[in-house]
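This report covers helix packing, a chain interface and a strand barrel. Please view the structure below before reading on.

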Amino acid sequence: MVLVLSALMLMAVDYRNPDALRPVRTAALMLVYPLLVSVDSPHRFYSTSGFFASQSTLAMENTALKEQIQLYAAQQRIISSVQQENTHLRAMLKAAPSASYNFTLAETLEAANDRVRGLAVLDKGSNNGVHESQVVLSGENIYGQIIEVTPFSSKVIQLVDRSHTIPVRNQRTGERALASGMGRGLAMEIKNLPSNSDVKDGDIFVSSGLGGLFPPDFPVAKVIPQGVEFKPGAAFATVKALPLVNYEATRDVLLIWRKPGVPDPEPHIEAAATPPAKDTDTKEAGTSKLAHPKQEGSH
Amino acid sequence: MASLLIAVILTIIPLGEQISFWRPEWIALTLIHWALVIQDRVSLVMAFVVGIAIDTLYGSILGQHALGYVLVTYLSVRLGLRMNPEAFLQQTALLITTLGLYLLISLWVQGVTSNSDGSWLYWATLLSSVIIWPIYHALLGYFHTQRKALG
């Protein structure tokens, strides 16, 4: 009876005020983390060790990756010079420096959970600098955000979770809307599109950046065929869109850190006087952001 | 309780989207098994702790599974004392009653916290649990008696 009462009380408290029980959740997550790792380990061995991959496949993959790296290296050079130019211009205009981002690779631990929730546990925690409401990417798409952190692991809420909503924008028309998750394996719902909106099948919704949490212009979801419905009399259109992340297959995700306005206009005004070539080098050595994930991710 | 640990692992092993509807309630089955075998020596606190762990893993509201497991254990101990624990039909009746109640309570809680997708497949787990029960019960019983014989 005492236990039943305490369970009821726990539920009541958790429902009213989820923040109050955060320590309990964190402690419990730390306790079950070994279990998660043990459940995940066969999967990890099978999929990531490459034990069963043939040599020719690996060689082919290797060549493709090398080509890609060269491509990215070339692009990176252009980007860094543009970035530098941007900083100079902003410094001249005395504008606040734009936000920039840092990346780290993390892996999700495979474990089942409630079908209507979209939650996953990552193998990076506050020891790696992960913090709450941090944005998680998968490739070039938004994966979700962190909702809970322990020293070694963290819990990420996916965009398809029933209690998650992200502000989006139609890439083609620029219309703003909200994309709400409906559960794993189900299409997301695009809300607040007026009934005279010109949304069509195949439209891609990208994050709008409103709210300041998610970075703008990352793809979120694509309208499914016959996914747009205008009900007569309804104020809003009913739009179904499939998330662009394949949540069943994705294991590697990117954690991003937003660096709000790096305050370094002064050194760069001085640097502008020095020859441009040397400046490029120091810039690359100092704040090269794309070199960082490679180091972190190659463990 | 190694069997509970195994049950937890079976509960969180990832399955495909469609098959996961048919995942039996391993932990509840284990608790019922122990309630029938060692009767009132089964620990309600254990059921509660496991429930909290599952709540954390599943991301459900804290206490949902804890409440369910405590009720399942309590009911099956009480009902188990009134019947012949090895009669198959009686066992099945007890199983359907307790698991049904557990699933119903879970559904209510999910409904209140708007975590339910309202699909009839929710009850598939009851069917699969009842089907798997004789095998699971016999297996757990086999290891239990063997350990007793050794010790």
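## Helix packing between the chains

Helix α1 (residues 2–16) of chain A and helix α4 (residues 64–80) of chain B have axes that come within 8 Å and cross at roughly 160 degrees. Axes are lines fitted to C-alpha atoms, for helices over the stretch in contact, with angles from 0 to 180 degrees between N-to-C directions. Helices (H or I, at least four residues) and strands (E, at least two) are DSSP runs numbered from the N terminus. α1(A) and α4(B) are therefore roughly antiparallel to each other (angles over 145 degrees). The crossing is left-handed, meaning that the near helix is turned anticlockwise from the far one by less than a right angle; clockwise would be right-handed.

Leu3(A), Val4(A), Ala7(A), Leu8(A) and Met11(A) of α1(A) meet Gln64(B), Ala66(B), Leu67(B), Val70(B) and Leu71(B) of α4(B) (contact: C-beta atoms, placed from the backbone, within 7 Å). Ala, Val, Leu, Ile, Met, Phe, Trp, Tyr, Cys and Pro count as nonpolar, Asp, Glu, Lys and Arg as charged, and the others, Gly among them, as polar.

## Basis of the model

This is a predicted model, in which local features need pLDDT of at least 70 and side-chain atom pairs count only at pLDDT 80 or more, while totals for chains, interfaces and linings use all residues. Residues are numbered from 1 along each chain as its sequence is written, and chains are lettered from A and ligands numbered from 1 in the order in which they are written.

The model scores ipTM 0.70 and pTM 0.70. Chain B has a mean pLDDT of 83, with 89% of its residues at 70 or more; pLDDT is the predictor's confidence in each residue, from 0 to 100.

## Chain interface

In total, 31 residues of chain B contact 30 residues of chain A. On the chain B side, α1 (2–12), α3 (44–58) and α4 give two or more residues each, and α3(B) gives the most, with eight. That side divides into 20 nonpolar, nine polar and two charged residues.

## Packing within chain B

α4(B) also packs with helix α5 (residues 88–112) of chain B, the axes coming within 9 Å and crossing at roughly 160 degrees. That makes α4(B) roughly antiparallel to α5(B), and their crossing is right-handed.

## Barrel in chain A

Six strands of chain A close into an antiparallel barrel in the order β6-β7-β8-β11-β10-β9 (pairing requires at least two DSSP bridges). Three bridges join β8 (residues 188–191) to β11 (residues 238–243), and Glu189(A) stands opposite Lys240(A) in β11(A).

How values were computed:
Angles under 35 degrees count as roughly parallel, over 145 as roughly antiparallel, 65 to 115 as roughly perpendicular and the rest as oblique. Two residues are in contact if their C-beta atoms, placed from the backbone, lie within 7 Å.
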